[in-house]
Amino acid sequence: MKDILSAASLKPVEETSYLTAQNVERYRAIMRFMYIQHQRTRYWLKKEEIFAFLRQYPIFSDYTLEDCQNDLKVLVDKKNLLAVQDTSKASTLEEFKNKRFKYMLSEISVELERLLEKIEHSTGVRGSLEPKLFEKMLFHLQKMNKLGEVKDEAIAQWWKEINRDFQTINNE
């Protein structure tokens with residue numbers, strides 16, 4: 001049991017800090033867009049593409065390209081995004097020095113977004129610990145011992161009742 005808590009398992013997970021940061025809406029929108037593009041095998045995106053996506057939504061009506069650049073820098077610093085200089089359109093030395101970047105999700109960020117998407121779509125675990133339901137389950141299970149003496153119709157009815165009770169225990 002001593003091996004469960006290693007030094008690595010107790011370290012903060014810096015990649016999750018964007019989920020509670022001051023500009024969480026902006027970071028979440030960028031990360032979700034990057035994740036959707038990642039699923040479509042568009043791994044590398046330019047800030048202009050990200051900015052154009054965000055500007056489609058009223059919540060980002062005041063959002064500027066400079067805001068986008070700053071948000072991308074924060075996400076790179078937090079290790080959520082990887083940045084590589086994009087030299088494909090640099091035709092002059094000045095354009096090369098301007099350092100235009102393209103961005104990709106880190107591996108951990110891909111998994112975080114996958115988990116967040118799963119959480120968003122889950123209905124949650126619900127259940128009931130009502131003693132009467134457990135008593136009914138026990139009654140049905142005790143009837144199981146006497147199945148040899150029961151007709152098929154009675155077994156089918158019993159099976160429906162035990163399934164209904166089990167579902168009630170798990171879903172309420």
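A residue counts as partly exposed when its relative accessible area falls between the buried limit of under 20% and the exposed limit of over 50%. With 34%, Arg 42 is therefore partly exposed. Keep in mind that this is a predicted model.

**Salt bridges**

Arg 42 has a partner: its side chain meets that of Glu 49 in a salt bridge, at 2.2 Å from N to O. Glu 49 is partly exposed as well, with a relative accessibility of 26%. The count of salt bridges comes to nine, and here are three of them.

| Salt bridge | N to O distance |
|---|---|
| Glu 49 and Arg 42 | 2.2 Å |
| Asp 71 and Arg 26 | 2.8 Å |
| Lys 73 and Asp 77 | 3.0 Å |

Take the Asp 71 and Arg 26 pair, with its 2.8 Å between N and O. Asp 71 sits in helix α4 (residues 65-77) and Arg 26 in helix α2, so this pair ties together parts that are 45 residues apart in sequence. Arg 26, at 22%, counts as partly exposed.

Lys 73 has 49% relative accessibility and counts as partly exposed. Asp 77 comes in at 44%, which is also partly exposed. Elsewhere, salt bridges with shared partners link Arg 28, Arg 32, Glu 113 and Glu 120 into one network.

**Around Arg 32**

Arg 32, a member of that network, is found in helix α2 (residues 24-39). Is Arg 32 buried or exposed? Its relative accessibility is 17%, and since buried means under 20%, Arg 32 counts as buried. Its side chain makes a polar contact of 3.0 Å with the side chain of Glu 113. Leaving aside residues up to four places away in sequence, Arg 32 touches Glu 113, Leu 116, Glu 117 and Glu 120.

**A nonpolar patch**

Which residues make up the nonpolar patch on the surface? They are Tyr 43, Trp 44, Leu 82 and Val 84, and together they have about 330 Å² of accessible area. Trp 44 is placed in the loop between α2 and β1 (45-46). Its relative accessible area is 34%, so Trp 44 is partly exposed.

Methods. Residues are numbered from 1 along each chain as its sequence is written. This is a predicted model: local features need pLDDT of at least 70, side-chain atom pairs count only at pLDDT 80 or more; totals for chains, interfaces and linings use all residues. Side-chain values use heavy atoms; hydrogens and water are left out. Helices (H or I, at least four residues) and strands (E, at least two) are DSSP runs, numbered from the N terminus. Buried means under 20% relative accessible area, exposed over 50%, partly exposed in between (1.4 Å probe, protein chains only). A polar contact is a pair of N or O atoms within 3.5 Å; within protein, one must be able to donate a hydrogen and the other to accept it, and residues adjacent in sequence count only if both atoms are side-chain atoms. Contact means heavy atoms within 4.5 Å. Patches are made of residues with over 30% relative accessible area and no salt bridge: like charges are joined within 9 Å, nonpolar side chains (Val, Leu, Ile, Met, Phe, Trp, Tyr) within 5 Å. Accessible areas come from the Shrake-Rupley method with a 1.4 Å probe; for residues, only the protein chains shown count as cover. A salt bridge is a side-chain nitrogen of Lys or Arg within 4 Å of a carboxyl oxygen of Asp or Glu.
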